[in-house]
Amino acid sequence: KVMKAIVKMLEDWMKTRDAKLLNQGPNLKEKSILLAKMMQYVEKRFPDDLELNGQFLEMVNFVYRDEALKGSELTSKLEPAFLAGLRCVQPHIRAKFFEVFDASMRKRLHDRLLYVVCSQNWEAMGPHFWIKQCIELMLSSACPISTLQNCSPTSLLPPVTGVIAMADPADRAAFTQLATVKEEPSDVESEAGDVKESEGEGGESQTEG
């Protein structure tokens, strides 16, 4: 209850726009210090309290959406909490964080691959399987109304038969020789035995008839 009250108090400080209350409350630097301490305490001491974690993550999400706060030092301080929101077990909270995550970069596969591999530090995810978030980020860059097509005709690969046809006659002959499946004697004998057995069964059925 005490932790929830503290989170609620921090939330009121973050969301207030009253100039008088802003002057009476902590400044931006003090707020960032408080939020960073709360971030470590909530996740480590109360990992199973869904209500408390949800309340704290909703406040973090507000910081990343608010026009006045998302460009401040709060966002860099709360990056581990933002990644915690991306792996939150509550789907509605996780969806809110991914919406912010998806809108923070252009919907180009090349840019997103560079971001995932080079820019983002995933260490804060801890033991969580963060590849899931990367795949979701890649898939969201697809345009649902466009059909799949190559970027240029030069990127088309020729068919295998076309490659064989363009080869030298000697290479084609060698390929044909290697591609021919040789039957082992045991396979030929077994096939012959199967044919004889089927013929014998056919003769017996005719005799019975």
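Predicted model: local features only at pLDDT ≥ 70, side-chain atom pairs only at ≥ 80, totals over all residues.
Around the cavity you will find Leu86, Arg94, Phe98, Lys132, Gln133 and Glu136. Sorted by class, the lining has three charged residues, two nonpolar ones and one polar one. The space inside amounts to about 30 Å³, and the structure holds one cavity of 30 Å³ or more. If you wonder how such a space is found, rolling a probe the size of a water molecule over the atoms shows where empty space is left.

Leu86 of the lining leads us on to helix α6, which comprises residues 79–86. How do α4 and α6 lie relative to each other? Their axes come within 10 Å and cross at roughly 115°. An angle of 65 to 115 degrees counts as roughly perpendicular, and α4 and α6 are therefore roughly perpendicular to each other. The crossing in which α4 passes α6 is left-handed. On the α4 side, the contact is made by Phe56, Leu57, Val60 and Tyr64, while α6 brings Glu79, Ala81, Phe82, Ala84 and Gly85. By class, this contact has seven nonpolar residues, with one polar and one charged residue besides.

Now stay with α4 and turn to α1. Helix α1 spans residues 2–15 and helix α4 spans residues 50–65; their axes come within 10 Å and cross at roughly 15°. Angles under 35 degrees count as roughly parallel, so α1 is roughly parallel to α4. Here too the handedness can be stated: α1 passes α4 in a left-handed crossing. Which residues meet across this pair? From α1 come Met3, Lys4, Val7, Lys8, Leu10, Glu11, Met14 and Lys15, and they meet Glu51, Leu52, Gln55, Phe56, Met59, Phe62 and Val63 in α4. By class, the contact of α1 with α4 has nine nonpolar, five charged and one polar residues.

Definitions and conventions. Residues numbered from 1 in each chain as written. Heavy atoms only, no water. Axes fitted to C-alpha atoms, helices over the stretch in contact; angles between N-to-C directions. Helix = DSSP H or I, 4+ residues; strand = E, 2+ residues; numbered from the N terminus. Parallel < 35°, antiparallel > 145°, perpendicular 65-115°, else oblique. Left-handed = near helix turned anticlockwise from the far one by under 90°. Contact = heavy atoms within 4.5 Å. Nonpolar A, V, L, I, M, F, W, Y, C, P; charged D, E, K, R; others polar. 1 Å grid on protein atoms, 1.4 Å probe; cavity = no way out; pocket = protein on both sides within 12 Å on 5 of 7 lines; lining within 4 Å. Points joined across faces, edges and corners; volume = space filled by probe spheres on them.
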